[in-house]
Amino acid sequence: MLEKKLCNLFKRYPHKSLQRRDIAEILNLHGGERKQLTAILRKMVSDGMVELKKGRYRQGQQTQAIQGTFSLAERGYGFVRPEISQREDLFIPEKSVADAMHGDLVSAQQLGFDRSGRPYGKIIKILQRAHRSVLGIYHQQRGRAWVVPLDQYVAKTVYVRMEGSIDAEPGQVVRVEFLRYPSAKSAGSGRVVEVLGDQDDPQVDIETVIRTYELPRYFSMPALVEAESVATGIVPEDLTDRTDLRGLPLVTIDGETAKDFDDAVALRQEEEGKFRLWVCIADVAHYVTTKGALDGDARERGTSIYFPGYCLPMLPENLSNGICSLNPHEDRLVMAVELLFDNRGHCVKADFYPAVMRSAARLTYTEVANFLSLAEKTNDLPVSVAEQLPLMAELAGLLGKMRRERGCLELDVPDVEIELDESGFPRAVSKTKRTIAHRLIEEFMLAANEAVADFLEKRNYSFLYRVHEQPTLDKLQEFQQLAAECGVGLVLQKNLQREIQRLLDEIAERPEARLLNQQLLRSLQQAQYTPLNKGHFGLAAQSYCHFTSPIRRYPDLQVHR
């Protein structure tokens, strides 16, 4: 009876906010009814009939249900991210999560605002399940079996119904298909439909990551058919409107285990000490046409994905390791960047054109580094190849010096390499030794990428930039405080990159160097692809894009086109 009186009251004053004592006086409540009022108001707020804000009650907003993706937090509460991007995320208290799981598409109802003004609500319906099954470790004891999911955000425990389940051994990684989804009150149940293998098998680890993140593994049949139709060599029609660079001593320089070679370089010194550099990149766009089946599969992947000893390639192997790989002594179609530098390393001219080339040698980083470190250059390299390597090192040095002068950051954070035994088990983790050969190729690729971005931007083309925004002030202040505790100062001035690099140079030989380098890396924002140019903070570049790896990065393929 009292709840009905309250409903009528709020309907009578739809836009008025009332305190509890105002409500009691208007309804002329006494004794027991006043005590009852608090409980009924609390229930009406919970049901969304009434809103409570700053101690005042008003009629609830009859808003439509909010559809969105549910994200579960570690402590049991969650958020619904609405499909309408302008709306704020809806906070879902743990008691209102119901049986929603991380990633589910749900319908939710806003119940009001908390003390901080954040909207909160409850899940009212599961529209689409994100998980039909889950991977986990199989356990069995005293006739009962259960699976502990590898992704604890999905579920804590799933009990196994033996009827309909395939046999598994304790400790194995299995896939269990849900028969009943878990909720706040009870664990889920399901049946084992697949056994991946023992949990300490590294191949099972890789398989688990692929399944968990639903990484595309197999190419579609139309893409495979399209790949098979690609010629394995160059035909005369391919050479139309292409510059012939087969007379240049172009070389590839990669790691010892590399299987695909998508960039080749050549260098010639000209009058007045100028340098003419050619950077040739496999013309993947010639074979992977827009809106074709191969293009669709490559776009879905976005990049090749690398695991220790294993790769999910962006393109089928007969392209990535075949016709699009700049293998030595074979004709290949390329997009060429021809850059002319003065004797100080400034780029004074840039040309871009489709070409055909023939790699004169497949060199490794170790081979080039050893050659450049020897006083007497005695080896089996062709003379035309050997003559240009010292010039390459000279130009790379000039380019590196220029980048440092403009504020490019050089963090001392070593790469690591995981060494595997014959069965795929990790046996060692070692730091990758960076040599002059690594820096040489890195400088030439950076120069090509910047030149391409500048060329496209000046002609008002729309393309994907590779941007790296300046770190946020709070992150910079945290790093500044740590640096101060290590006895070095950091002034947050206009040319921030130069100031940071000065600090890194100052502490390079000190014990705190590794700590500060790691903390700086955490302070920096992640680089991303975007059609909006926001510059590249780490490289101190006004315009930057990726152009040099269209075999394994879709944004590069877009830039080629």
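**Close-up views of a helix pair and a pocket**

**View 1. The axes of helices α5 and α7 cross at roughly 120°.** In this predicted model, helix α5 spans residues 221-228 and helix α7 spans residues 293-301, and their axes come within 7 Å. Angles from 65 to 115 degrees count as roughly perpendicular and those over 145 as roughly antiparallel; α5 and α7 are therefore oblique to each other. The crossing in which α5 passes α7 is left-handed.

**View 2. Residues from both helices form the contact of α5 with α7.** On the α5 side, the contact is made by Pro-222, Ala-223, Glu-226 and Ala-227. On the α7 side, Ala-293, Leu-294 and Asp-297 take part. By class, the residues of this contact comprise 5 nonpolar and 2 charged, with no polar residue.

**View 3. The second largest pocket has a volume of about 560 Å³.** Its lining consists of 26 residues. Those closest to the centre of the pocket are Cys-347, Arg-406, Ala-447, Glu-450 and Ala-451.

**View 4. Strand β20 and helices α10 and α11 each give two or more residues to the lining of the second largest pocket.**

**View 5. The lining of the second largest pocket includes nonpolar, polar and charged residues.** There are 13 nonpolar residues in the lining, together with 9 charged and 4 polar residues.

Terms used: Residues numbered from 1 in each chain as written. Predicted model: local features only at pLDDT ≥ 70, side-chain atom pairs only at ≥ 80, totals over all residues. Heavy atoms only, no water. 1 Å grid on protein atoms, 1.4 Å probe; cavity = no way out; pocket = protein on both sides within 12 Å on 5 of 7 lines; lining within 4 Å. Points joined across faces, edges and corners; volume = space filled by probe spheres on them. Helix = DSSP H or I, 4+ residues; strand = E, 2+ residues; numbered from the N terminus. Nonpolar A, V, L, I, M, F, W, Y, C, P; charged D, E, K, R; others polar. Axes fitted to C-alpha atoms, helices over the stretch in contact; angles between N-to-C directions. Parallel < 35°, antiparallel > 145°, perpendicular 65-115°, else oblique. Left-handed = near helix turned anticlockwise from the far one by under 90°. Contact = heavy atoms within 4.5 Å.
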